[in-house]
Amino acid sequence: MQFHHHGYVSGDPRVQPAEGIGLDRSPELPDEMDVLIVGAGPAGMIAAAQLAQFPGISTRLIDRRPGRLAVGQADGIQARSVETFQAFGFANRITEEAYRITEMCFWKPDPENPQNIVRSARTPDDPHGMSEFPHLIVNQARVLDYFAEYARNAPGRLEPDWGWEFVTLRVEDEGDHPVVATLRRAEGAGASAGVAEGEERTVRARYAIGADGARSRVREAIGRKLVGDQAFHAWGVMDVLAETDFPDIRTKCAIQSHDGGSILHIPREGNHLFRMYVDLGEVPPDDNGRVRQTTQEEVEARANRILHPYTLTVKNVAWRSVYEVGHRVTDKFDDVPAGEDGARTPRVFIAGDACHTHSAKAGQGMNVSMQDGWNIAWKLAHVLEGRAPEALLDTYSAERQQVAVNLIEFDKQWSTLMAAKPEEMEDPSALEDFYMKTIEFPAGFMTQYGPSMIMGTDAHPQLAGGFPVGKRFKSHPVVRVCDANPQHLGHHHRADGRWRIYVFADAAAPGEASRTTDLAEWLASSPDSPVVAFTPEGADVDAWFDVKVVYQQDHTRVETNDVPRLFLPKVGPFQIVDYEKVYAADPADDIFEAREISRDGAIVVVRPDHYVAQVLPLDAIDELAAFFSGVFAAQRAAV
């Protein structure tokens, strides 16, 4: 964490200085705003947290609840999400309070006595080292609390506007704020700015994000529909404190019984609470929701039948629900009709459960939703600040809709296997085999975006095989040269809206003439350099581009005075040197070897949301300039 560069900080360094909107933020909802976010769930809250980093953008987040969520339904936090939490500054804190999944146990009917279950397999949760971060279990409410804290401490000082219910919206053809939304003061929220409970008011926005859940009114207002099917299979889910002799009660388990269905068992944070998804069986097509009236006693009885010969006595129920599996996704995630992309700017976007629904057992709902919210938020910030053209907003639906389709297909297979009886499977190990073969998907690492204005092609795969274009930047340990401290390179990639340009140096020693020094000189001085062409006049040189260098040599062989000045920029009002951009490979765990980086060096360009956008040779300056000229809108002279 960096601080003191704007002067001495004696308080909490996580509280950034207020700027712009944050200097005099009104507690009352204004008539006009840049971005209206509907719904303070995972997608809406991360979008608000990201936009709060841009104090020149007026963002308001409304929710019909009177205050923070107390009990959340989602709880699984995949490693990709923890990487995201690191970007927002709370990965370590939330890990400390969460339950950490290290392995999963599989239970099946005992071949000698099928009425009983026996442990059939143990599988490690991350056998391939996909991430340095763990797979966690923690209440959704705590995740939202951390994002709310981040937004509150950001320069924009964003706070949710509780007690406002979204009614409908329309998009007008003209005006600076074409999104016209009707809101209603929620019952029990009290009056606000002369608006009594139940009364409506109209606000206008440049853009709106609908993160208001599976029954989204924003989705309805723009004419989108969730399309898919229902599996006609029900599950009872309960967070409970209980007495049991089941030996793996503190380990994640997939439990299949001979004739009583199955259980997905998930320990919860705090070392006492746990969650069980209990198979309630097939649901007739004409059930009309009656299965949702299944009592807690019935769910517990079914759980005991599945767990036999072990028993479960529930002492306290923290939360419970009964649901039917459904797999649905919208055809687009914005308000532009299919086939009209590029003809007009999208003004309304939907995210999270508003555009994709599926079972809860793969732990993907909250995780995928947060990536939706982050994806659209930094893009809106780029457009509203004048960094990028409005065409950037077309990439949101194009990228995230395909992710949702892939998720639905994965969840269908996983849900079907979880609901199947062991004797119905051709291969008795089908469930655990599927889990191991697809482990990268639920961990959040299968996403790979295709070519677009912000995503290049994988034209140089031999340069950095460990950084595939379109996939997330996989961090790795390096050594910070200035103080010999071991660091994870990707952990400095914070949610500040900046693009990262990682320069992996060639083999020449620092200070010698090389392609690395030539690139640094070009980036620092050429009018075609993105750093020169697009950084606003008067801003720090790293305001929009965070350029870092990683040398192949041991840190003891890198003298700071030999490093090009571009990698030692002067920042802040006092223009002091930032030494945290110069790194060396760790001889004991060489990043060049681990990430298959050419010893001739490479440029790795990473988007604000962690995804690798381009990999180029060190001398590919024309390609680098061409890529960023397609991303950014204005030259420096026009800023």
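Let's start with a sheet: in this predicted model, seven strands line up as an open sheet in the order β20-β19-β25-β22-β21-β26-β27, and their pairing is mixed. Look at the two ends of that row. β20 (485–488) and β27 (612–616) sit at the edges with a single partner strand each, so one side of each has no neighbour in the sheet. Going from one strand to the next, the twist averages 30°.

Now zoom in on one pair inside the sheet. Strand β21 (residues 499–504) runs antiparallel to strand β26 (residues 602–606), and five bridges join the two. To see a bridge for yourself, find Tyr 502: its bridge partner in β26 is Val 604.

Next, the empty spaces. Rolling a probe the size of a water molecule over the atoms shows where empty space is left. Here the count comes to four cavities of 30 Å³ or more.

The largest cavity holds about 100 Å³ of space. Its lining includes Arg 80, Glu 83, Phe 473, His 491 and Val 606. Which helix gives the most to this lining? That's helix α2 (residues 79–87), with three residues. Sorted by class, the lining of the largest cavity has six polar, three charged and three nonpolar residues.

The second largest cavity has a volume of about 60 Å³. Among the residues around it are Ile 21, Arg 25, Leu 51, Phe 54, Pro 55 and Leu 158. What classes of residue line the second largest cavity? Seven are nonpolar, three are polar and one is charged.

Notes:
Residues numbered from 1 in each chain as written. Predicted model: local features only at pLDDT ≥ 70, side-chain atom pairs only at ≥ 80, totals over all residues. Heavy atoms only, no water. 1 Å grid on protein atoms, 1.4 Å probe; cavity = no way out; pocket = protein on both sides within 12 Å on 5 of 7 lines; lining within 4 Å. Points joined across faces, edges and corners; volume = space filled by probe spheres on them. Helix = DSSP H or I, 4+ residues; strand = E, 2+ residues; numbered from the N terminus. Nonpolar A, V, L, I, M, F, W, Y, C, P; charged D, E, K, R; others polar. Pairing = 2+ DSSP bridges. Axes fitted to C-alpha atoms, helices over the stretch in contact; angles between N-to-C directions.
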